[in-house]
Amino acid sequence: MDLNLIWFILFMVLISGYAILDGFDLGVGVLSLFAKGDEEKRIHMNAIGPVWDGNEVWLLTAGGSLFAAFPPVYATVFSSFYLAFMLLLVALIFRAVSLEFRSKVEDPRWRKSWDWAFGLGSFVPALLYGVTVGNIVQGLPLTKDWVFTGNFLGLLNPYALLVGLLSLVMFILHGSLYMGMKTEGDLQARMKSWASRTWIVFIVLYLITMIATLFAAKHALAALLGRPLFYLMFLVWCPALVLIPVFSQAGRFGKAFVASCVNIVGVIVMCAVAMFPRMVPASTDLAYSLTIYNASSTPRTLMVMLIIAGIGMPLVIAYTAFIYVVFKGKVVLTEESY
């Protein structure tokens, strides 16, 4: 296994970690739009309050590793999705500010405004992450010098929006299972209902997406079906997908949440397998694609980064685990709560 492949795998590990951790708090944010009354909205916010900012460390780490290990990929992706990423950044900022500002003033209109900022600030990123993945899977219009020739509206094509809806529903499902663990009573019962309904929608959207991939990204589907790793992953992914409603309907939200984590990892691994060794396929000509070999840093850089990652990643994992252990259990509102 060479350094390029190791860093491709590490990048996917970081993306998977981010999707699992920030995925549920984005889902909780979207679900807060349907919460009943001030107390339920506070429960939604306090369920993710101690952990949401730590979850986003994984996104920053993934972005940093992409910048250092595959600089042309970083430059091409960020210049291609410049407006979309700015929109995503604004949404994340409003979500973060809403958590801090909502409880500072007793005015109902003030609180309602920040409630919408929290909900929409979660909805937009959950949708845009999928739109980004959809565009990358089907390929970007690139020249042989990796210059993006498309525009923002072109990124909002039907296939990318379909993948965006899939990611949105997947995160809402993930968030409902997390809320099931953190709540009780009527709110927990409604989370069970949300989990059941969003699971069905996810299955339907996933099947539609696979059919659409046959037309929008034929190269990706052919590569996926031609690799043994896909079938191995499929054997793990399918049982996990089936166990999500089984556990959630039985009220075992912790186990359902773990199954949902496997589902998210399975979807990301299948995307990675479909694109490998490409990181950004070119829709104009696949020969212009950015791969893990023509878009990587030097072997010395990759080796130095690997040593740094070997020291830093255990610290990030330990910090994350510690926070979740400290703040485990049901949400209890106090005067100091959001």
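Trainee: In which hand does helix 2 pass helix 10 in their crossing?
Mentor: Right-handed. That is the term when the near helix is turned clockwise from the far one by less than a right angle; anticlockwise is left-handed. Keep in mind that this is a predicted model: local features need pLDDT of at least 70, side-chain atom pairs count only at pLDDT 80 or more, and totals for chains, interfaces and linings use all residues. Residues are numbered from 1 along each chain as its sequence is written, and side-chain values use heavy atoms, leaving out hydrogens and water.

Trainee: At what angle do helix 2 and helix 10 pack?
Mentor: About 65 degrees, with the axes 11 Å apart. Helix 2 covers residues 37-48 and helix 10 covers 185-216. Helices are DSSP runs of H or I, at least four residues, and strands are E runs of at least two, numbered from the N terminus. Axes are lines fitted to C-alpha atoms, for helices over the stretch in contact, and angles run from 0 to 180 degrees between N-to-C directions.
Mentor: That angle makes helix 2 roughly perpendicular to helix 10 (65 to 115 degrees; under 35 is roughly parallel, over 145 roughly antiparallel, the rest oblique).

Trainee: Which residues make the contact?
Mentor: Glu40, Ile43 and His44 from helix 2, against Asp186, Leu187, Arg190 and Met191 from helix 10. Contact means heavy atoms within 4.5 Å. Nonpolar means Ala, Val, Leu, Ile, Met, Phe, Trp, Tyr, Cys and Pro; charged means Asp, Glu, Lys and Arg; the others, Gly among them, are polar.

Trainee: And how do helix 11 and helix 13 pack?
Mentor: At about 105 degrees, axes 7 Å apart. So helix 11 is roughly perpendicular to helix 13.

Trainee: Which residues meet there?
Mentor: Ala220, Ala223 and Leu224 of helix 11 touch Met270, Val273 and Ala274 of helix 13. That contact has 6 nonpolar residues, no polar and no charged.

Trainee: Switching topic. Which helix gives the largest share of the lining of the second largest pocket?
Mentor: Helix 1, with 5 residues. Helix 12 and helix 13 also supply at least two each. The lining divides into 11 nonpolar, no polar and 1 charged. Among the lining residues are Phe8, Arg227 and Phe276.

Trainee: Is the peptide bond from phenylalanine 276 to proline 277 cis or trans?
Mentor: Cis, with omega near 5 degrees. Proline 277 sits in the loop between helix 13 and strand 1.

Trainee: Is phi of tryptophan 146 positive or negative?
Mentor: Positive, near 65 degrees. Tryptophan 146 is in the loop between helix 7 and helix 8.

Conventions. On a 1 Å grid over the protein atoms alone, a cavity is a set of points where a 1.4 Å probe fits but cannot get out, and a pocket is an open set with protein on both sides within 12 Å along at least five of seven lines; lining residues have an atom within 4 Å of a point.
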